[in-house]
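Hello,

Here is the structure I promised to pass on. Please open it and keep it beside you while you read my notes.

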Amino acid sequence: MTFKTRITAIALATAGFFSAEAQTTADYSWTNLPKIQQPVFKADTIRITTFGAKPDGHTLNTQAINQAIDACSKKGGGVVLVPSGLWITGPIVMKSNVNLYLNEAATLLFTTDKCQYAITEGFYEGKSAARNQSPISGIDLENVAITGKGIVDGNGDVWRAVHKSQLTESQWKEKVASGGVLKDDGKTWYPSDQFKKASVENRSMLLTAGKTPKDFEDMKDFLRPNLIVFNNCKKVLLEGVTFQNSAAWCIHPLMCQDLTLRNVRVKNPEYAHNGDGMDIESCKNFLIEGCTLDVGDDAICIKSGKDEEGRRRGIPTENGVIRNNTVYNGHGGFVVGSEMSGGARNIFVQNCTFMGTDKGLRFKSVRGRGGVVEKIFAKDIYMKDIAQEAIFFDLYYFVKFATDGERDMRPVVSEGTPVFRDMHFENIVCNGATKGVFLRGLPEMPVRNIVMENMVLSSETGIELTDTDQIRFKNVQLITKHTKPVIFIENSSKISLDGIQFNDKSDVLISVNGERSQDIQIENTDLSRVQKIKEFSKGALEKSLTVKNGR
């Protein structure tokens, strides 16, 4: 496809994705998915070389690139072309109606000179914070894109700390020889004394009352920027480009509407702290398709603000389609949370492959966070060599950061109680995991109304449910290394196990625990293959379990 043909295709956008505003949330289903409007651009093209940019891997091209973007936008928009070459640059600020197009073999390599990045008002994990300016950013824009076949490289290694345990011996020696400083115990490398001081002292980057970005100059090195941030933008497109080596999160659209990420590649080192791939935060109407991710933290992640600040914002991430993606390394393949205080809903995940991620489908939150996560649908998910759980829900996820305020951790229902409910997963295959399914809700707010059907899970252990309600498994095959028990249930109710298959001569099919366990039913399951069908402990009663139509 020629360059002109490619631009024309972008202008025409994707058939069937123009009527998002006409839909209502009640409409959404697998046969009527959310629709995402696409940006449209004029064919007028401006080359960055017109403004003096040089692809010599040495010249700082910040001014030339931004001038080209400004000129294009002022003329009504079009394409800013980055030809093949190695282009060193500082922060790039996108403008409305501009498509930044990177030719094949074009690399935007962001400078290691941190003085080029001003300290600005940004966000850290959902809260207002001082951050170094993102290498690429845009605020309050409409019709904006980064497309092509080139590479955007954030030069993240100059920003990140790294632990010795995360590197090989030779990598560690090379890192130490590159400069920087070590923690007093010699086990952590920091880019600078300033970074080390802020880290060791556990300093907060939050912009609390009365503070401005200037108040953080003495910890500038510590304020790692996200590679790409679009804030409050409409009709955003990222397509075909490789985004890699970010200092923190890689792609971060925040409060955007009509967002498309198509056929992009996201790559971060395995040791990249906060090296998330895509963090879709408080966005409405989004499409993620055909993407490949290999990252140091969560891969495709849904967020919507953190704790009270996120609840005040009150903007859920909603109406999304995630399909035909492949994830290699990552803490989770598809993830919701833990910053989801504004909620998430109407998200459809289909035909995705997770190869070697820590977890497959990952849902996480904690008391005090609040937010409602609901109407999440996943089907045709294929996993291999998952290090931990294939399907994971945990409402006890908690890591204490300097940016965390006080949180109501009392076991009572309040605005800070997270709610996870009303989801349907089907046609899921996992070959290799520590645990097939792990669901852990709260006593005061169980994980509720989750259907899982037509699954084959090969793992060390099978299913574990704690503080759950209205969970249904249908036509699920559990191929497990350990069978004592195959299914563990604690303080859960209205659990349906329909058509469960398991290893011949399994030790115990189901262990029911806790005095709050009730209304558990097994049906359409061949019980002749198990040595012991059921056992009860921790106050669980035998009447809590009913066996129906067992063969």
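**Strand pairs**

In strand E7, Thr 107 is the bridge partner of Leu 86. Keep in mind that this is a predicted model. E4 and E7 (residues 106-110) run parallel and share five bridges. E4 itself covers residues 85-89, and four of its five residues are buried. E4 also pairs with strand E2 (residues 56-60), again in the parallel sense, over two bridges. There, Leu 60 stands opposite Ile 88 of E4. As background, strands of a sheet pair through backbone hydrogen bonds, either parallel or antiparallel.

**Helix H2**

Several H2 residues are buried, among them Thr 62, Ile 65, Ile 69 and Cys 72. Just after H2 comes Gly 76, with a positive phi of about 100°.

**The three-stranded sheet**

Now look at the open sheet with the order E13-E15-E14 and antiparallel pairing. Its edge strands are E13 (162-163) and E14 (181-182), and each pairs on one side only. Helix H3 (residues 169-177) packs on this sheet and touches E13, E14 and E15. The direction of H3 makes about 35° with that of E15. E14 and E15 (residues 188-190) are joined by two bridges. Leu 182 has Trp 189 in E15 as its bridge partner. Helix H4 (residues 193-200) lies across E14 and E15, at about 125° to E15.

Best wishes

Methods
Residues numbered from 1 in each chain as written. Predicted model: local features only at pLDDT ≥ 70, side-chain atom pairs only at ≥ 80, totals over all residues. Heavy atoms only, no water. Buried < 20%, exposed > 50% of the residue type's maximum accessible area, 1.4 Å probe, protein only. Pairing = 2+ DSSP bridges. Contact = heavy atoms within 4.5 Å. Axes fitted to C-alpha atoms, helices over the stretch in contact; angles between N-to-C directions.
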